[in-house]
Every structure is written in structure tokens, then in C-alpha cells.
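Have the structure open while you read.

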Protein chains: 2
Amino acid sequence: MWQLLQFPLCPFSRKVRLVMAEKGVPVELIREYPWERRDEFVDVNPAGETPVLIEPDHGLTLIGSQPIAEYFDEAVERSPLIIGDAAMRAEIRRLVEWFDEKLFREVVEPLMVERMRKRLVNKESPDTRVLREAMRIGNNHLDYLDYLLDHRRWVAGPAISLADFTAAAHLSVIDYLGALDWRGHRQTKDWYAVMKSRPSFRPLLGERMDVIVPPTHYDKVDF
Amino acid sequence: MWQLLQFPLCPFSRKVRLVMAEKGVPVELIREYPWERRDEFVDVNPAGETPVLIEPDHGLTLIGSQPIAEYFDEAVERSPLIIGDAAMRAEIRRLVEWFDEKLFREVVEPLMVERMRKRLVNKESPDTRVLREAMRIGNNHLDYLDYLLDHRRWVAGPAISLADFTAAAHLSVIDYLGALDWRGHRQTKDWYAVMKSRPSFRPLLGERMDVIVPPTHYDKVDF
């Protein structure tokens with residue numbers, strides 16, 4: 001069976017878990033806290049980052065959320081995630097990159113540093129200036145999602161795709177950290193309620209990180 | 001004909017130019033300086049970043065180097081770039097991400113800010129502390145490339161792939177900015193000499209950015 005080295009608040013681990021659940025591929029979860037820089041982990045992935053996916057029986061090691069997502073979309077026919085004609089596939093990959101890079105760097109990463117890492121590792125208080133700025137930009141990202149969902153049924157087009165799962169993975173981490181203000185974002189809120197109710201999403205929402213408690217609406221489909 | 005909005009020292013634009021040249025797809029180059037944030041450009045790509053590729057006759061717009069590379073690798077059979085079995089394809093994509101994110105963020109981007117942006121836009125001097133740190137990390141990246149090329153014929157395995165073109169695109173920008181010290185990196189130097197001699201690479205090496213002059217070895221295959 002596949003083994004996924006991951007931790008609950010890693011958005012890229014969440015993306016892989018969603019992909020594997022949608023594809024119906026069983027996986028054993030193994031907690032890895034990348035900031036501990038465990039020797040055996042860094043030997044496998046020199047970038048020192050989650051997720052890493054291992055199939056010990058076949059000696060396969062897959063590293064990084066996008067290579068893993070592309071792998072399963074090529075290998076498993078069920079629930080295709082990069083779909084449609086060439087233009088649609090490019091649009092899906094553009095938005096995946098948007099969330100994995102732009103949303104991550106501007107919002108998810110600073111929130112993880114301030115609200116998780118400083119608490120767990122550095123035992124420091126968060127920098128409220130950084131938090132406020134991340135939340136302000138997070139709000140702009142919700143505006144952009146509203147705009148997309150005003151023009152399309154799903155994030156990248158008429159059908160659900162990897163863009164939806166990627167966006168939802170990142171938003172779920174922001175939401176866990178109590179930094180999403182859903183007011184005024186009806187389109188994205190409705191879409192996220194649908195994403196949350198998928199069987200692939202439920203296990204993520206039930207998981208907790210020690211010490212860090214999500215807001216009460218976090219795991220509710222009706223929020 | 002395809003039109004590529006790009007600028008000479010953008011490593012992602014270079015990656016796309018290499019891919020298109022290898023695939024034999026003609027393209028018209030249009031210079032775009034993303035920091036000017038031209039309205040029409042930001043309307044097309046809300047991220048405000050190069051490269052953007054447009055096919056006016058078919059109304060196609062492709063955004064971002066990896067979506068564009070995946071597009072042409074799916075659409076054009078010649079010179080396949082994401083090749084081999086599933087494990088090899090995942091390894092190619094892992095390394096592409098390594099160069100596009102890690103090498104870019106740690107080395108290429110700070111060098112572009114200090115040696116290009118500050119000069120062209122802010123009319124400031126570079127921060128030598130930032131420059132030194134970027135060059136130090138750049139040297140570690142060359143060590144990692146040496147290690148890969150010690151074990152493999154090409155960067156990701158036995159055949160040339162998108163990982164080679166991506167690495168070469170980023171290295172060529174660092175080299176243009178005079179920040180690569182090739183001493184002690186024989187494996188990577190030999191490999192880069194081969195990359196430089198490919199017909200797809202020659203046009204890149206002939207191009208110049210106003211005001212910023214590359215070192216004399218920059219466009220020489222024998223350096």
C-alpha cells in the first residue's frame with residue numbers, strides 16, 4: 001500500500017489526499033513534521049518538504065503534490081482531474097499553479113508560519129502585522145474565486161477538476177487557522193460547501209493538529 | 001502564429017522558448033516587462049507574470065511555463081519532453097518543480113531583483129549581502145546538479161527531458177547576471193556546454209537586455 005508522509009495542515013498533503021481519495025487509491029498516512037528535518041526524510045526528499053509518497057513493494061517514491069497528481073491522473077482512469085481539450089487542461093494547470101504558488105506564498109505560508117510554526121516550534125507570538133496583510137490578500141483571492149465561479153460552474157470550467165481540489169486544499173488550511181472571513185463571498189462559500197460534503201473531503205476535516213484548534217464552523221458543511 | 005509575451009531575462013520565458021524550439025513550433029516574440037503592469041497584460045494574466053502565449057487565430061491563451069510545456073508535450077509528438085514510465089515522469093516533474101520553485105526563489109529571483117530590477121526600475125545599487133547569499137545557495141544547487149549528473153546521463157535520467165531545459169533556462173539567467181562560478185563543477189559545466197550548443201539554445205544566448213551586459217563567457221559554448 002502507498003504510504004504518504006504528510007502533516008494535517010500541509011495544503012500540498014491535503015491536495016494529494018483529495019486526489020487519492022477521488023481516485024479510490026488506498027493510502028496509509030504517516031505524520032512527518034518537515035521542520036524537524038529528520039535525516040531519513042531529507043535523504044528521500046532533498047527539498048525537505050511534504051508530501052512524499054512511497055510504495056515500498058514496488059520501490060516507487062513520488063515527491064511533490066503536482067507530480068503526484070499528474071501521476072495518478074495518468075495511472076488511474078477513475079475521476080479524471082485534468083480534463084477537457086488542450087485549452088481547458090492548460091487553464092486547469094494555470095489555476096493549480098495560481099493556488100499552489102500565489103495563494104500559498106501570499107496567504108497560506110505566512111499564516112502557517114505565524115499561527116502554527118511560531119507556536120509549535122519557536123514558542124513565539126504571531127506578528128499581527130503579517131497576519132493582517134495575509135488575511136487582506138486572502139480576501140482578494142476569495143474575490144477572484146467569486147469572479148471565476150460567477151462565470152463557470154466549477155473553478156476551471158464546466159466540470160470539477162484538479163483546480164477545485166487544489167483551491168479547496170489551500171482554503172481549508174486557511175480556514176483551520178481561523179483566517180477566512182466568508183462574509184460577502186457567497187459564490188465561493190456555496191462552492192466550498194459542496195466541496196466539503198464530498199466523501200474525499202470528510203477525513204481531512206476530522207483531523208486535528210495538537211495545540212491548534214480550528215474555529216467551530218471549520219468542519220461543518222453548513223457554515 | 002503563436003505570440004509569446006516575454007522578456008530576455010525571464011527564466012520561465014526561456015523555458016517556453018526552449019520547449020517551442022525543440023518542438024519546432026514557430027513563435028513571434030513580444031517583449032513585455034511585467035513590472036510595468038500594463039493594463040492589457042494584467043487583464044490577460046491576473047498574476048501579471050511572463051510568459052503568456054497567445055494564438056490569435058484560434059483565440060487560445062496559455063499562461064505559465066509549466067501549463068505551456070505540458071500543452072506542447074501533449075499536442076506535438078516531436079521531441080517528447082516528459083518521457084519514460086510513470087516513475088520517470090514523476091521524477092522529471094519533481095525536478096522541474098525543484099528548479100522552477102526552489103532554484104528560482106532562492107537564487108534566480110533575488111539576483112534578478114538586485115542586479116536587474118533595482119538597476120532598471122528603482123535606480124538603486126544592489127544589496128551585496130543578498131547577492132552573496134544567493135550566490136552561495138547557487139553554488140549548492142550546482143553541487144546538487146553535479147551529484148545528479150554523476151549518477152545519470154541527463155538531469156532526470158537516461159534521456160534528455162524537460163528537467164534539462166528547465167535547469168538550463170534558470171542557469172542561463174544566473175550566468176547572464178554574472179553570478180555563476182563554474183570552478184569545481186565539471187559535471188554540470190560539461191552538461192551545460194552540451195545544452196548551450198543545441199540549436200534551440202543559440203537564439204537565447206544572442207539576445208541582450210538594455211544596460212545589463214553579460215560576462216564574456218556567457219554565450220560561448222566553450223567556456
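Between chain A and chain B there are four residue pairs in polar contact, both partners at pLDDT 80 or more; a polar contact is a pair of N or O atoms within 3.5 Å, where within protein one must be able to donate a hydrogen and the other to accept it, and residues adjacent in sequence count only if both atoms are side-chain atoms. This is a predicted model, so local features need pLDDT of at least 70 and side-chain atom pairs count only at pLDDT 80 or more, while totals for chains, interfaces and linings use all residues. Residues are numbered from 1 along each chain as its sequence is written, chains are lettered from A in the order in which they are written, and side-chain values use heavy atoms, with hydrogens and water left out.

**Interface**
- In contact (heavy atoms within 4.5 Å) are 24 residues of chain A and 24 residues of chain B.
- The rule finds eight salt bridges across the interface (a side-chain nitrogen of Lys or Arg within 4 Å of a carboxyl oxygen of Asp or Glu).
- Arg93(A) and Glu74(B) meet in a salt bridge, at 3.1 Å from N to O.

- E3(B) pairs (at least two DSSP bridges) with E4(B) in the antiparallel sense over four bridges, and Val52(B) stands opposite Ile63(B).
- E3(B) and E4(B) form a hairpin with four residues between them, and Gly59(B) in the turn has a positive phi of about 60 degrees.
- E1(B) also pairs with E3(B) in the antiparallel sense, over three bridges, with Leu5(B) opposite Val52(B).
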